[in-house]
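Please read these points with the sequence and the model open beside you.

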Amino acid sequence: MSLVTLRDLRVTFRTRDRTVHAVNGVDLDLAAGETLCILGESGSGKSVTLRALMRLLPRFAEVQGRVEVAGQDVTRMSEGELTDFRGRDVAMIFQEPMTAMDPVFTIGQQIAETVRRHERVSRAAAEARALELLELVQIPSAKRRLAAYPHELSGGLRQRAMIAVALACRPKLLLADEPTTALDATVQIQVLLLLRDLQKRFNMGVIFVTHDLGVAGEIADRVAVMYAGRVVEEGPVSGLMSGPLHPYAQGLLGATVHPGMRGKRLTTIPGAPPALDREPTACAFAPRCDRAHDACLAEVPSLREPVPGRRARCVLVPDARAESPGLVPAGV
Amino acid sequence: MTEPVAPGARLPPNRRMDALPPSADRGGPAQPLLRLDGLVKHFPLKGGLLGRTQAVVRAVDGVGFEVRKGETLGIVGESGCGKSTTARLLMRLLDPDSGTMVFDGEAVGGSAQVGGLPLREYRRQVQMVFQDSYASLNPRLPIEDSIAFAPKVHGLGNAEAVRRARDMLAAVGLAPANFARRYPHELSGGQRQRVNIARALALRPRLVILDEPVSALDKSVEAQVLNLLVDLKEEFGLTYVFISHDLNVVQYISDRVLVMYLGEVAEIGPVERIYEHPAHPYTAALLASRPSMDPSRRRTAPPLTGDPPNPVNPPSGCRFRTRCPHAEAVCAERKPIMADLGGGHAASCHIANPGSGHSLAEKVAA
């Protein structure tokens, strides 16, 4: 049974002034112990999708579709059930730990509070757990750091402390929203390796939102590339990195500066992503795609599966499941 | 592009200029465009009952390097290493506590009486592009007016300044007919950064300081702006100082690279030497920290542990020694000198200095 099931997730933000169709039909599955990266640029709907899994969206967001985590229907939970669910079954870490943690409580207090909220344990036992967790996330002189306030820690230590709070009740699912983006290069790799290690040790499912292909390359088992609120390509990380199927994914890889490109002109994707005041009724990438033709504008392309386990939402990609006429595959 | 005629008849005589032509080269191609020596900038931390100085942030602590004519010099380092303070010193948005700056043979900050280059003239020749494209534009001015502002300050007439602003918009790929009267909030991040580049170039500077110019942009837009910067450099004959924390971008765009650590220069050299044969252990660790895009070649152990130390209280001797895998007693005792490794490559490390007393340095010498 999969740990996470998303079916036709749609999120629309409606305010008096404007409407934004942020997520327009996302299907995703995550197995227990698997790491999925949602890769996309700003406005692609990656963070909104992540927040929908924990119902962290504001009240004016209209959410439709099926959202199941660990066999529970998240959309039907009462406020009380949600409070039990958050922190116990699923936890989230954010880009900026300074705003995610409470500035007036010590690190130790914040971990112990989480433990006692979900488990019937004594204060002393909760504090012992807090110490254990700080050691787990490799915070040096953990005992002393229990009494530290978030502002007293460096950026890297603060991010480790937030991971400790998230892991306090051994969640089955960890949601990570760009947790290493604000960190320095030498610290980012430490936190990525720590997360990879903890994921293995506790066999957690992880959904990791990032805009950085390098981060996805370090940590993901599978990658879902999002564009204009839809998943346009999904599959194992190695396949995406060595031969992306969707023209947008190809453009993204070509536009990312990596070693050995010196002196060459960078490939760019012309134009900009669409404004999502209306739901795209065709391929949302077609206006920027140099291989677009009539079929792209007729309807939203279905997800095609050229090889088992790899899917792309592009009419140029052949579908091995249905006997479709052999259109030229886009760079397989 | 033809240079417009000066309309400055109504201006006071000291503000009349020949419609701001690009400044001429003075010292010839071999003379560095900018030379910095022993630049120091400390920020006092005040506190306590009497507001006394409690401590000092040694943001830039004795930095010296040169920027050659026509090159792109990349500056890399982590937060707190002083790269942005260096940028602000280069632009003279901050005054250095000590040290000298020489621009094409003339001391920066002089006056007509004592000689040297007055700041006003220096700032015409040196311009800057900031990371935050929104905060660095006036939200109440149409972008055309923002671009025309500096040329007007430097004596260009209104109509001429607006014409130049429109030329610059066209040069950065924003059609003036569509964009000139827009306000910053009506543009995307990539378009705003193009406006900032247009504004920096409107004075026809010789040196442009780019402080994390693409860090806030999405990857597809980042590539567009990098291509544009390469084109403009060629078109206007510019020299760039490109500051970034993104090692891949710096490698892509730079001719030479300067690595900073805790307010000091750790290593400087041609881009190939720095990336292929780093001499400073910090440079090597920084390069090894880059995430690999190839899942079959994942990092297994982090090259460094811990965060960079606080620049308020830097370690004695070599400032990197607290995180360095090769640190020995000598590293705590003495500050390393810049070792010249030939070909313009230099590193501030005892290992690179034969006879420094470091055990690995002996092998180098042998």
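The points below go through selected helices, residues and the contact between the chains.

1. This is a predicted model, in which local features need pLDDT of at least 70, side-chain atom pairs count only at pLDDT 80 or more, and totals for chains, interfaces and linings use all residues. Residues are numbered from 1 along each chain as its sequence is written, while chains are lettered from A and ligands numbered from 1 in the order in which they are written.

2. Helix 8 of chain A covers residues 185–202 (helices are DSSP runs of H or I with at least four residues, strands are runs of E with at least two, and both are numbered from the N terminus).

3. Buried residues of helix 8 of chain A include A:Ala185, A:Val187, A:Leu195 and A:Gln199 (buried means 20 or more other C-beta atoms within 10 Å of the residue's own, exposed means 12 or fewer, and partly exposed is in between, with C-beta atoms placed from the backbone). The cover over the buried residues of this helix comes from both chains: it includes strand 3, helix 7, strand 8 and helix 9 of chain A, and helix 8 and helix 10 of chain B.

4. Helix 1 of chain B (residues 83–90) is largely enclosed by the rest of the structure, because six of its eight residues are buried. Among them are B:Lys83, B:Thr85 and B:Leu90. Just after the helix, B:Arg92 has a positive phi of about 60°.

5. In chain B, the axes of helix 3 (residues 143–153) and helix 4 (residues 158–171) come within 8 Å and cross at roughly 125° (axes are lines fitted to C-alpha atoms, for helices over the stretch in contact, and angles run from 0 to 180 degrees between N-to-C directions). The two helices are therefore oblique to each other; angles under 35 degrees count as roughly parallel, over 145 as roughly antiparallel, 65 to 115 as roughly perpendicular and the rest as oblique.

6. B:Ile147 and B:Pro151 are among the residues of helix 3 of chain B that meet helix 4 of chain B, where B:Val162 and B:Leu169 are included.

7. How many residues of chain B are in contact with chain A? There are 34, and they touch 38 residues of chain A (contact means C-beta atoms, placed from the backbone, within 7 Å). Helix 7 of chain B gives the largest share of the chain B side, six residues.

8. Helix 7 of chain B packs against helix 11 of chain A (residues 247–255) at an angle of about 45°, with the axes 8 Å apart. A:Gly251, A:Leu252 and A:Ala255 meet B:Lys219, B:Ser220 and B:Ala223 here.

9. B:Val225 also lies in helix 7 of chain B. It counts as buried because 25 C-beta neighbours lie inside 10 Å. Leaving out residues up to four places away in sequence, B:Val225 touches B:Gly190, B:Gln193, B:Pro213, B:Val214 and B:Leu217.

Note on methods
The expected span of a helix is 1.5 Å times one less than its number of residues. Two residues are in contact if their C-beta atoms, placed from the backbone, lie within 7 Å.
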